[in-house]
Amino acid sequence: MKPLPLYASLVVGLAILAAAPLYGDNYVVRTAAIVAMYGALATSWNFIGGFTGYPSFSTAAFFGLGAYVGALCQRSGVPMVVAWAIASVAVAAFAALLGGILLRLRGHYFAIGSIAVVELCRLIVSSWSSLTGGGDGLNLPLVQGTPEDLMRFFLMVMLVILAASLLVTILVDRSRLGFGLRCIHQNEDAAAMVGVNTTAYKVAAYTLSAVFCAAAGATYASWTGYIDPTDSFQIVLTVKVVVMALLGGAGTILGPAIGAAAFVLLEEVFWANFIDWNRAILGLVIVVLIFFLPGGLLSLRRRLMPGGAA
Amino acid sequence: MSDMGLLRSARLALLAGGLAAGLLAAGAAKAQEVIKIGAPLALTGGLADEGKKQDIVWKMWVEKVNAAGGLQVGDKKMKVELIEYDYQSEGQRASQLAEKLINDDKVQFLFAPFGSGHTKIVAGVGERYQIPTIACVASSESVFDQTFKHLFGTLSPNGGMTTAMVKLFKEKYPETKTIAVLGRDDVFPKSMAEGIAKAAEAQGLTVAYKELYPVGTMDHAAALSSIKATKPDWIYITGYTQDLILARKQMQDLGVTAPIVTMVTGPSYKEFTEGLGKLANGITSSSWWHHATSYTGEGVWPTTAAFYEEFKAKTGGDPDYVHGSCAAAGEVIADALERTGSLDKAKLRDAIAATDIQTFYGPIKFGPNGMNLPRELPIIQVQDETIKVLAPAAIKNADMIAMPK
């Protein structure tokens, strides 16, 4: 996509979400915040899954760890926003260390390894009762304010995280890093041969895929006011995020965020109308979309207007 | 620029879809004057069995109330509408749906879903909007210690279950000296495991083994082998039905046994005895309610027997404590509405806090933390694959037997 339309659609998209309080009630605002949250998660996944082509399933691990680090900081008296920042930095460091080991695996082996990270984190958090409260979960101080104000506040925070992740995506896309990652995607051995430091690049992508998830997780923890291991480290969350990115178009700049919006809205619509069948219908829609639109929603442009776009 | 146009229209279409869905729901909600109770339920996913139990009795209650013309509010009768959504056993969904129920469906009350953890999540949303939330399946005091003003629970604190049990078993089997405790690391089962260890120590028993296993454990062999090595007089395992069926089968395989074997909540659910058949014999447990009790009181079911008969006619099975407690949750709302005679949020909240009623499920009167006050809870045992009540004396229908060898 050419720069101008790209920026324009980005700004329009963010504005539509940010304006949710103007045209909808709290439920719509909440849905907008969830769209922003999943948008940030899918955009994060895009660094490692889309650009680099490594099928990572660690999203839930980063999200859950972010939630726990943020919650623990807040409980020991750190102000909320500072706690979010600490969570992001700590989880990014964790991802960098872990990436150094895990990224030696490729393909299916990496996928399985990255799923194991989620389970492992869940087990550790759930067994380390003295620190994390184990299965009892953790209560966070409830943020004071009317439900409307709170919802707006958390919508804005999620939007900031989404905007930051998109901004970094654009920067990476234009930089040497993005080029290197695409080389790795196409042929890792060849990339190494022409002088791309594949390990460092992959670790960078993996770390980037963690940092925004952690921020979203920490924010989410403050938002609900209660977290427990089962809900924080959900394999379903990981899988959903990957589906969203594929739905929108993996490896593109806006694709994952658009996929997230489409997925969340579809989910809501099916929910409201088909209580018993919503999962089956959603599953079907996903299969059909991926089957007929393997390049994601963004590839529609090319199909509908052969001459129109790059 | 054509791609930008398309993108924008795609976005608008998505947004319009979302908005239309929201408007439809809101439109339907405003159509009539009724009492609305919202219930995020786990109808699919890991907690589906429990969610369906809540679903059955709530529907039974609503049907019966509406057949009688509705609930008395001041000088008129108002019909009740129950609005349920499936939260698929995911905590995040539960809070989202609670919010939807309050904002879109404009419910005046919430029923919390199964389990202490998800009750906490839903109650947090109710608290923000000052919507009274009735929890019928959360018994851990840690749920009620967050100074929520709008959360009320119909189960009694589970602390009451442990002391009485240790006392009864020591009376029956004075030679009981050691206990081994294995608990699921989850809000309710964990607090029961810790509670029993404390109660046992307080009454002079030695805790020979005490460990928690993480949620989702598929193999208890290692823990059971360690328990076997300590040769305890009493084995106490907590968890949900699937965990406990697995633990009991593995105990059989590994030859682990003791004169007393207790599983909580195990025998409280008929799925447990059905799943284990003969192996369930001799297992003791505690419960919050049993249909052998004979309470009388106000509400659509005047006696325990009336509830039992109707439940049996409807489903063919026996109700357990989840059914009893959740059906009684409706009576709390009915009573509060009758006493306030209005739909004012603050008045209703205060009226619920002042609840003091007798129902088929037993007395309901909330303590300062919003939990039903402690009372004598039934201790039960599986004998010949059916549930017998060992205590309290008023409803006792069998003597305790030792675990079959």
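Is Asp384(B) buried or exposed, and how many other C-beta atoms lie within 10 Å? The points below take up this question along with several others, and they all concern a predicted model.

1. Asp384(B) is exposed, because 10 other C-beta atoms lie within 10 Å and a residue with 12 or fewer is counted as exposed. Asp384(B) sits in the loop between β15 (379–383) and β16 of chain B, and its phi is near 50°, a positive value in a residue other than glycine.

2. Lys106(B) belongs to the loop between α3 and β5 (109–111) of chain B, and it is partly exposed, with 13 other C-beta atoms within 10 Å.

3. The bond from Val264(B) to Thr265(B) is cis, with omega near 5°, and Thr265(B) lies in the loop between β11 (260–264) and α9 (270–276) of chain B. Ala391(B) and Pro392(B) are likewise joined by a cis peptide bond, with omega about -5°, and Pro392(B) is found in the segment after β16 (386–391) of chain B. As background to this point and the two before it, most residues other than glycine have a negative phi, and most peptide bonds are trans.

4. Within chain A, the axes of helix α4 (residues 59–75) and helix α6 (residues 107–127) come within 8 Å and cross at roughly 25°, which makes α4(A) roughly parallel to α6(A). Among the residues that make this contact are Ala60(A) and Leu65(A) of α4(A), together with Val117(A) and Arg122(A) of α6(A). By class, the contact comprises eight nonpolar residues, one polar and one charged.

5. Between the chains, helix α3 (residues 26–51) of chain A packs against helix α3 (residues 91–103) of chain B at an angle of about 155°, with the axes 8 Å apart, and the two helices are therefore roughly antiparallel. The contact is made by Asn26(A), Tyr27(A), Arg30(A) and Ile34(A) on one side and by Gln96(B), Glu99(B), Lys100(B) and Asn103(B) on the other.

6. The largest nonpolar core has 224 residues, of which Ala36(A), Val91(A), Met158(A), Ala214(A) and Ala216(A) touch the most other members. Leaving aside neighbours within four places in sequence, Val91(A) is in contact with residues including Phe62(A), Leu65(A) and Ala214(A).

Terms used: Residues numbered from 1 in each chain as written. Chains lettered and ligands numbered in written order. Predicted model: local features only at pLDDT ≥ 70, side-chain atom pairs only at ≥ 80, totals over all residues. Core = buried A, V, L, I, M, F, W, Y, C linked by C-beta atoms within 7 Å. Buried ≥ 20, exposed ≤ 12 C-beta atoms within 10 Å, placed from the backbone. Contact = placed C-beta atoms within 7 Å. Axes fitted to C-alpha atoms, helices over the stretch in contact; angles between N-to-C directions. Helix = DSSP H or I, 4+ residues; strand = E, 2+ residues; numbered from the N terminus. Parallel < 35°, antiparallel > 145°, perpendicular 65-115°, else oblique. Nonpolar A, V, L, I, M, F, W, Y, C, P; charged D, E, K, R; others polar.
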